[in-house]
Amino acid sequence: MSSKGPVGQLVKLRGLLAAARPVDNRPAGWQPAPQIHKPVLFPKTVKHPSAHHGAPGGVKIADVGVPMKLGIDFGTTRIVAAAADRGNYPLVGFESSDGQAREWFPPLVAIRGNERRFGWSAWAVQADREWTVLRSLKRLLKRAGLRTPLELNGRTIPVMELATGLLTVFRQQLRQASTLSLDRGEALEVMVGVPANANSNQRFLTAEAFRAAGFHVMGMLNEPSAASVEFGHRQRAQHKGQPRRSLLVYDLGGGTFDASLVEMEDDTHTVVASAGVSDLGGDDFDQILAKLALETAGRTDERESLSDAESFRLLEECRERKESLNPNTRRIVADLDRVREGWGEVSIAVAPYYELCRPLVEGTVEVVQELLAGNPDQSIETLYVTGGGSELPAVARVLKETFGKVVRRSAYMRSATAIGLAIGADARSDYVLRDRFARYFGVWREADHGRAATFDLLFPRGLELPRRGAPPLRVVRSYRPVHNIGHFRYVEAAGIGEDGQPSGDLTLWDDIQFPFDPALRGADDLTLVDVRRKGEGAGSEVEEEYSCDASGIVKVTIWNRSAAYRREYTLGRWASSAPRAAEAIANKHGWRPRHR
Ligand SMILES: Nc1ncnc2c1ncn2[C@@H]1O[C@H](COP(=O)(O)OP(=O)(O)OP(=O)(O)O)[C@@H](O)[C@H]1O
Ligand SMILES: [Mg+2]
């Protein structure tokens, strides 16, 4: 980044963006409007030639005193922002560390001793051995709690501190080195995306990190639901007053696959059902290509000897080669010299590469088919393909083979979600989105005097979420406990088996202990206290209250009504689960964790 300070940076950035003219945000056939004025970048009053979603180039134009509203897609590999600008939804451009204009911001954190770097500045040191780079913060949030520590190089850093640090730098860059033109002190109101299958804790932590970084969080939308809004908005004029239509959003990103079945009628979008795979995305295609490249070069055995920096360069090379593929490409030439000098180039046939990727794509197809089979009364008019991972030609091929003519690639593969979020943030857009709780949430309770556990389902999957601004959903359980301490084990699950037990992808939260006995109110650690029976009817009256808001975030309050005290809990994993999560992610990809 330029050392000229914010103003210098912005001037430089504006120049760059003028030269680079982003193309991603324009529909096919877009033609520039005739220039009437001398080209002035980022004028505050001129409306850009705009297609459906907005203007290329710079953005502003919030009315004076009105906060800037943004949609932010916090992706695994990219953060993409779009602004709500008087009926247009242009993407925000940033200057990357190599001086390029980009319509995304890297969600990277680099750590060296007590030093931290975030975003583009972390990007710049990725290949540097001295820095440890965390690449999957979004995935870590899935498993973390508010205070979950990440152990790195013998140090303990709370995951939330890193997330907040990253988003703080992101907010500064939005203000100082982006195509947004903001007034000093102008508030940034954001609608944030989360994967449809995100658990309640991940939603809460994501919102908290944005808040702690200084954003005003208006709400959260599921990423594929936001993409459906972008789709509906583009088709708005054409379909006004037409009967209800069904859309299936297929969103394959860098690290998550989400699918949502959405009914659209005018400006009302109702999510019928969602499904997904939380650890599948374009990153996996890079891994497959890396493995194949080493195999083809006869260097499989040397994989273990690669340093972190070399592994990183191998994956970068593969990502770049993969992103340059088109449907006519027959061979991929990967430059392994970039990984280690003297390794030369390797030429890989595309067909076997696609064959290796095929099972992953077929995995996504199965999810879509299950979703459709579960909703046989829906006839899909369009299968709307979004997410950068879907740009791999093999994905379109498998989808076309399976679903035929209804498949439609988004013109905004990597930005549809952010644009939909910006539309959702825009009070003028009149969109109504009815979304649903995407998982089963419940608590294990002891039964039969502690000899058995039963699962008490509190919020079922598919439950319609309240509209933004409406009161949260509430579920209450009241009883007189027979023990001195309540022990609650919460779980979120993708499914419920025939036996009524949680099944599929499970998230178990750390246990909560609540002092039923008022004498234990002051006890710091209830795990050290013996659990005793007090006898039937002897206990106080206890109430558990569960609430779920428009963003799908569950909060737990437990009251002792008789003695008038209560505790509020946010679910999460408070113990040392994040290092394990980091390790699981590293293992999945065959990396050695970069923290030595
Ligand atoms: N032209 C391309 N061909 C193939 N893959 C591409 C192309 N462009 C981008 N990708 C891949 O798309 C992925 C990023 O997609 P996207 O930006 O939608 O993900 P994300 O929003 O960061 O992640 P997620 O939604 O999973 O959290 C990366 O794996 C990237 O390599
Ligand atoms: Mg995404």
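Mentor: Let's start with two helices: H9 and H10 are oblique to each other. Keep in mind that this is a predicted model.

Trainee: Okay, at what angle do H9 and H10 pack, and how far apart are their axes?

Mentor: The angle is about 50°, and the axes are 9 Å apart. H9 covers residues 350-373, while H10 covers residues 393-403.

Trainee: Let me zoom out. How many helices and strands does the protein chain have?

Mentor: It has 12 helices and 28 strands. The chain has 596 residues, and 44% of them count as buried.

Trainee: What about contacts along the chain, what share joins residues at least 24 apart?

Mentor: That share is 70%, taken among contacts between residues at least 6 apart in sequence.

Trainee: Back to helices. How do H7 and H8 cross?

Mentor: Their axes come within 9 Å and cross at roughly 110°. H7 and H8 are therefore roughly perpendicular to each other.

Trainee: Which residues meet there?

Mentor: From H7 you have Phe285, Asp286, Leu289, Ala290 and Ala293. They meet Leu314, Leu315, Cys318, Arg319, Arg321 and Lys322 in H8. By class, this contact of H7 with H8 divides into 7 nonpolar, no polar and 4 charged residues.

Trainee: What span should H8 have, and what is the distance between its ends?

Mentor: H8 has 16 residues, 308-323, so at 1.5 Å a residue it should span 22 Å, and its end C-alpha atoms are 22 Å apart, which agrees. For H7, the 15 residues should span 21 Å, and the end C-alpha atoms are 21 Å apart, so that agrees too.

Trainee: Which elements do the buried residues of H7 pack against?

Mentor: They pack against H8, S15, strand S16 (345-349) and H9. Among the buried residues of H7 are Phe285, Leu289, Leu292 and Leu294. For H8, what covers its buried residues includes H7 (282-296) and strand S15 (331-335).

Trainee: What comes after H7?

Mentor: Gly298 follows H7, and its phi is positive, near 70°.

Trainee: New topic, Trp343. Where is Trp343 found?

Mentor: Trp343 is in the loop between S15 and S16. Leaving out residues up to four places away in sequence, Trp343 touches Ala297, Arg299, Leu336 and Asp337. Trp343 and Leu294 are 49 residues apart in sequence and 10.0 Å apart in space, C-alpha to C-alpha.

Trainee: Why is Trp343 called partly exposed?

Mentor: Because it has 19 other C-beta atoms within 10 Å, and a residue needs 20 or more to be buried.

Trainee: Last one: what is the phi of Arg86, and what is the phi of Asp266?

Mentor: Arg86 has a positive phi of about 50° although it is not a glycine. Asp266 has a positive phi too, near 45°. Most residues other than glycine have a negative phi. Arg86 is in the loop between strand S2 (79-83) and strand S3 (94-95). Asp266 is in the loop between strand S13 (257-265) and strand S14 (268-277).

How values were computed. Residues numbered from 1 in each chain as written. Chains lettered and ligands numbered in written order. Predicted model: local features only at pLDDT ≥ 70, side-chain atom pairs only at ≥ 80, totals over all residues. Helix = DSSP H or I, 4+ residues; strand = E, 2+ residues; numbered from the N terminus. Expected span 1.5 Å × (residues − 1). Contact = placed C-beta atoms within 7 Å. Buried ≥ 20, exposed ≤ 12 C-beta atoms within 10 Å, placed from the backbone. Axes fitted to C-alpha atoms, helices over the stretch in contact; angles between N-to-C directions. Parallel < 35°, antiparallel > 145°, perpendicular 65-115°, else oblique. Nonpolar A, V, L, I, M, F, W, Y, C, P; charged D, E, K, R; others polar.
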